[in-house]
Amino acid sequence: MKRWQWISAISFLAVMALSGCGPDSGGQSSDTVLALPWDSIEARARGTTVNMMMWSGDPLINAYMRDYVAPVVADRYGVTLDIASGQGNYIVQTLMAELQAGKTQSDLDLLWINGETFYQLRQIDGLLGPWTDRLPNAAWIDWENPFIARDFQQPVDGFECPWGNVQMALIYNSEKVADPPRTREALLAFVQAHPGKFTFDTQFTGLTFLKALLMDIAGGAEALAGPFDEEKYARYSTVLWDYLRQLQPYLWKEGKTFPEAVAPLHQLFANGEVWFTMSNNDCEVDNKIRQGVFPPTARAYVPAFGTIQNSHYLGIPRHSGQAAGAMVVVNFMLSPEAQYRKQDPAVWGDGTVLDVPRLEGEWPAKFAALPIRQYGPSREEMQARALPEPAPEYMIRLAADFRREIIEQ
Amino acid sequence: MFKRNRTPRPWSPGLLVLFLLTAVPLVAGLGYALLYSLGLVGLLREGFTLQHWGAVLGSMVFWKSLTFSIYLATASMALAIMLALQLVLRWRDTWQSGWLSYGIYLPLTFPAMVVAFLVFQWFTGAGWFARLAYHVGLLQDVDQFPAMVNDPWGLGILLAHAAMATPFFAIFFGQLYAAEGLANYAQLAASLGASERQVRRRILIPVLLRRASPTLILYFVFVLGSYEIPLLLGSQSPQMISVLAIRKLQRFNLQDIPQAYVICLVYAALVLVVTPMLLRRFRMKAHE
């Protein structure tokens with residue numbers, strides 16, 4: 001062979017290897033776990049190591065997992081829980097790369113995801129399921145609650161297990177803002193009167209805020225229910241862009257740029273550069289004040305037009321090698337004991353997905369006696385203004401069109 | 001016979017290992033990116049299509065991003081080179097001995113993310129400099145501090161890259177200065193009647209820049225493709241090319257992924273074609 005022929009042959013083989021055109025042994029061993037009784041699943045889980053990938057941006061959440069969940073599952077069930085940092089798009093990219101390469105066993109066994117990632121993982125057929133009905137503690141899940149049973153208008157169908165429930169809250173500095181704006185019109189008037197003190201990020205949190213504005217324009221909580229509707233989107237998003245163009249010159253940095261993610265927005269708020277931030281975790285204001293990140297004058301509220309309430313979930317990759325271990329860990333995370341601890345504002349403050357009145361023994365009373373949050377509205381107060389997540393295509397379109405209509409203008 | 005002795009064996013083990021570690025992954029990666037961009041591989045592939053290439057090449061966002069990246073790489077390199085030449089030609093004695101001779105190495109140990117974070121802390125609207133200026137009465141309000149982070153001109157990115165490159169170039173120019181014996185040339189020129197300014201502009205700077213040109217070109221490519229600094233300090237529009245590519249790769253719409261590969265391929269083609277051309281040209285000049 002001549003030299004160029006060698007080069008071509010080696011390069012071709014490498015391309016084929018990378019693109020997954022080689023032999024695919026198509027490992028589906030996790031599927032067999034789903035047919036086992038729970039005792040066998042627990043027995044199979046003992047001695048295994050479960051690799052979990054989750055967003056690790058909050059010290060309280062990290063401490064809950066590291067200092068509570070991991071030691072308990074190791075002690076009671078013999079499962080070692082290894083936690084790696086990564087969220088949404090990173091999880092999707094990792095699983096896509098594995099599937100494209102024909103990898104038979106994933107490096108990941110348990111994923112913390114939300115609706116947008118669920119939608120993407122279902123698109124690439126990356127999730128194991130249905131498996132949630134196998135968990136004994138799943139019997140306590142509040143499936144009657146549409147904010148739990150449906151994720152971005154998609155039925156979860158046992159392919160992901162609800163773990164917690166949150167609602168978006170706007171956060172403001174009460175030292176600077178006596179009475180925060182509660183309607184779209186009031187927000188516009190406030191921002192015009194106080195230039196540079198309001199903005200939102202261009203990722204998940206900011207887009208969730210835009211979805212609430214879009215639903216307000218569309219006419220309320222049920223206006224965008226059901227599958228994506230192109231005609232509705234075109235009609236209401238036009239009004240949204242007009243509204244944002246009125247707002248834009250008075251936003252932080254005159255709306256010429258926006259924070260890349262909610263963490264930089266929190267930093268701007270903590271610095272005093274802006275007077276508002278926002279969070280998908282309605283208890284975050286309490287957490288951040290307790291950590292000393294936000295000023296003690298920070299307060300959370302839900303405007304009259306409402307905010308999106310959604311649940312976050314746990315999924316297992318289709319080609320996980322440790323599905324039994326992952327299911328045992330999730331079953332513990334769903335237990336009244338773990339959910340109760342998680343809902344304590346001093347621990348995390350994450351809403352439970354269990355139907356509390358149905359719980360046995362002391363649990364309903366214990367949940368009722370949990371300390372209430374100090375700096376944000378109560379869950380009951382927020383529930384009245386909770387908006388359901390619209391179909392995932394609304395977010396995909398808003399993300400792309402917000403860039404085209406506002407940022408790149 | 002004579003010719004055969006001079007030609008290195010084409011498949012010596014060392015060359016083969018080098019080839020396997022460098023060229024093969026590169027070619028394989030580019031090949032995979034090409035197949036992905038044409039819709040031929042990937043979980044969501046839909047068969048051969050040129051629509052992703054059309055979407056990228058027909059978009060002003062991409063061309064703006066490429067122009068912005070070239071502008072920032074050029075501007076930050078120019079600033080760093082000017083500062084480094086200043087350090088070498090004017091204040092060499094000050095920093096080439098004593099504690100400063102160690103201190104100049106310190107910025108080289110900082111990862112790009114740390115430099116980006118420092119620039120953010122110092123120059124953001126409510127950062128250290130803004131607060132300092134406010135406290136000493138230079139500003140009525142911290143808001144009046146000029147936008148230097150997340151600004152449309154990329155000033156924060158420029159500063160961060162210049163801060164990283166200046167000590168590197170200063171050390172490099174300093175070593176070239178000694179290795180090329182430039183002090184002797186300067187002395188000779190001065191004895192023939194050249195002024196200090198003439199010595200600097202006609203002899204020292206041209207020699208240093210020509211000898212350093214391959215390194216400068218490679219550093220330019222490094223800045224052009226940098227990611228962490230523009231991610232933290234850049235504005236949402238225009239974005240540097242690597243930030244744009246990652247955005248397309250990792251955002252909500254999985255159908256945008258092939259566009260990310262198109263962006264990477266165009267960038268790679270640009271770098272792989274232009275860099276060797278420039279290197280060859282400057283090498284020839286350097287040996288003139």
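**Close-up views of a predicted two-chain model**

View 1. Within chain B, helix α1 (residues 2-6) has the lowest confidence, with a mean of 50, whereas helix α4 (residues 51-57) has the highest, at 96. Where pLDDT is low, the predicted coordinates should not be read in detail. Taken as a whole, chain B has a mean pLDDT of 88, and 95% of its residues reach 70 or more. For the model, the scores are ipTM 0.78 and pTM 0.83.

**View 2. The contact between chain B and chain A.** On one side of this contact stand 27 residues from chain B, and on the other stand 32 residues from chain A. The element that gives the most to the chain B side is helix α3 (residues 23-37) of chain B, which contributes six residues.

**View 3. The fold of chain A, with its helices and strands.** Chain A contains 17 helices and eleven strands, and its C-alpha atoms fill a box of roughly 70 × 70 × 40 Å along the principal axes. Because a compact globule of 409 residues would have a radius of gyration near 22 Å, the 23 Å of chain A agrees with that expectation.

**View 4. Burial and contacts inside chain A.** Of the 409 residues in chain A, 47% count as buried.

Notes
Residues numbered from 1 in each chain as written. Chains lettered and ligands numbered in written order. Predicted model: local features only at pLDDT ≥ 70, side-chain atom pairs only at ≥ 80, totals over all residues. Contact = placed C-beta atoms within 7 Å. Helix = DSSP H or I, 4+ residues; strand = E, 2+ residues; numbered from the N terminus. Rg over C-alpha atoms; globule rule 2.2 N^0.38 Å. Buried ≥ 20, exposed ≤ 12 C-beta atoms within 10 Å, placed from the backbone. pLDDT = per-residue confidence, 0-100.
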